[in-house]
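I opened a notebook for this structure and wrote down each thing as I looked it up. The entries follow in that order.

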Amino acid sequence: MKLKRPRRLTAALVTATALTTALTIWLSLGLYAQHETDRRHQDILSAARQSALNFTSLDYRHYDRDSANVLAGATGDFKKQFAAQTQQLTRLVATNRSVSEGQVLEAGIVRSDEDSARVLVVADSKVTNTAAPKGEARNYRLQLDLVHRDGRWLTSDVEFVG
């Protein structure tokens with residue numbers, strides 16, 4: 001009789017240890033997945049904020065650099081369209097002596113998966129030019145579509161919304 005009790009106790013301890021180990025592994029995997037999702041969301045928001053900032057911060061005195069910053073974070077049709085308009089925009093901002101100092105106020109992910117995301121961005125800028133030498137405030141509500149390419153989040157489309 002004395003042998004049955006230690007065997008039952010040993011079996012119960014082994015079972016409890018196995019269940020605890022399985023639960024720990026399951027919780028750790030869930031925590032890791034949540035961490036990866038949070039990291040991806042932060043990367044998406046960071047890329048969207050930078051893209052919006054680049055798009056709303058342009059200065060005629062170094063427009064080549066500013067437009068190159070927009071293009072560096074762009075891909076697809078958006079990159080092609082912006083690149084195609086760069087020469088015309090360069091002349092326009094130089095003629096008007098345009099300076100736009102952007103500031104991103106808020107950004108939020110509408111949807112995302114491993115390879116794409118849509119982000120809404122609220123940005124303001126102070127614009128000075130020959131028509132408004134003292135400057136005027138501009139408000140932007142942007143919808144940015146991003147894609148994940150070569151380890152980076154790049155803007156594939158920009159739309160003005162609301």
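**Entry 1: a starting residue**

In which helix is the place of Phe55? I found Phe55 in helix α1. I take helices (H or I, at least four residues) and strands (E, at least two) as DSSP runs, numbered from the N terminus. I note that this is a predicted model, in which local features need pLDDT of at least 70 and side-chain atom pairs count only at pLDDT 80 or more, while totals for chains, interfaces and linings use all residues. Residues are numbered from 1 along each chain as its sequence is written, and side-chain values use heavy atoms, with hydrogens and water left out.

Is Phe55 buried or exposed, or something in between? At 22% relative accessibility, Phe55 counts as partly exposed. The cut-offs I used are under 20% relative accessible area for buried, over 50% for exposed, and partly exposed in between (1.4 Å probe, protein chains only). I also looked up Val70, which is 15 residues from Phe55 in sequence and 6.0 Å from it in space, C-alpha to C-alpha.

**Entry 2: aromatic pairs**

I searched the whole structure and found 5 aromatic pairs. Rings of Phe, Tyr and Trp (its six-membered ring) pair if their centres lie within 6.5 Å; planes under 30 degrees apart count as stacked, over 60 as edge-to-face and the rest as tilted. The pair I noted is Phe55 with Phe82, which is tilted, at 6.4 Å centre to centre and 55° between the planes. Phe55 lies in helix α1 (residues 4-56) and Phe82 in helix α3, so this pair ties together parts that are 27 residues apart in sequence. Phe82 counts as buried because its relative accessibility is 6%. I then listed one aromatic cluster, formed by Phe55, Phe78, Phe82, Tyr140 and Phe160.

**Entry 3: helix α3**

How far apart are the end C-alpha atoms of helix α3? They are 29 Å apart, which agrees with the 30 Å that the 21 residues of α3 (residues 76-96) should span at 1.5 Å a residue. The expected span is 1.5 Å times one less than the number of residues.

I looked for a bend and found one of about 50° at Thr86. The bend at a residue is the angle between axes fitted to the seven residues ending there and the seven starting there. Thr86 is also buried, as are Phe78, Phe82 and Val93 in α3.

After α3 comes Arg97, in the loop between α3 and β2. The phi of Arg97 is near 50°, a positive value in a residue other than glycine. Arg97 counts as partly exposed, at 48% relative accessibility.

**Entry 4: the sheet**

In what order do the strands of the sheet stand? I read 5 strands in an open sheet, β1-β2-β3-β4-β5, with antiparallel pairing. β1 (58-59) and β5 (152-160) stand at the edges with a single partner strand each, so one side of each has no neighbour in the sheet. Two strands pair if DSSP finds at least two bridges between them.

β1 runs antiparallel to β2 (residues 99-112), to which 2 bridges join it. In β2, Ser100 is the bridge partner of Leu58, and Val99 is that of Asp59.

β2 and β3 (residues 116-128) pair in the antiparallel sense over 12 bridges and form a hairpin with 3 residues between them. Ala107 stands opposite Val121 in β3. Val122, also in strand β3, counts as partly exposed at 25% relative accessibility. Val122 and Glu101 are 21 residues apart in sequence and 14 Å apart in space, C-alpha to C-alpha.

I checked the loop between β4 and β5, where Asp150 lies. Asp150 has a positive phi of about 50° although it is not a glycine, and it is exposed, with a relative accessible area of 83%.

**Entry 5: the largest pocket**

Which residues lie nearest the centre of the largest pocket? They are Phe55, Leu58, Leu89, Val93 and Tyr140, from a lining of 20 residues. The volume of this pocket is about 490 Å³. On a 1 Å grid over the protein atoms alone, a pocket is an open set of points where a 1.4 Å probe fits, with protein on both sides within 12 Å along at least five of seven lines; lining residues have an atom within 4 Å of a point. Grid points are joined across faces, edges and corners, and a volume is the space filled by probe spheres set on the points.

I noted that α1, α3, β2 and β4 (136-149) each supply at least two residues of the lining. α3 gives the most, with 8 residues.
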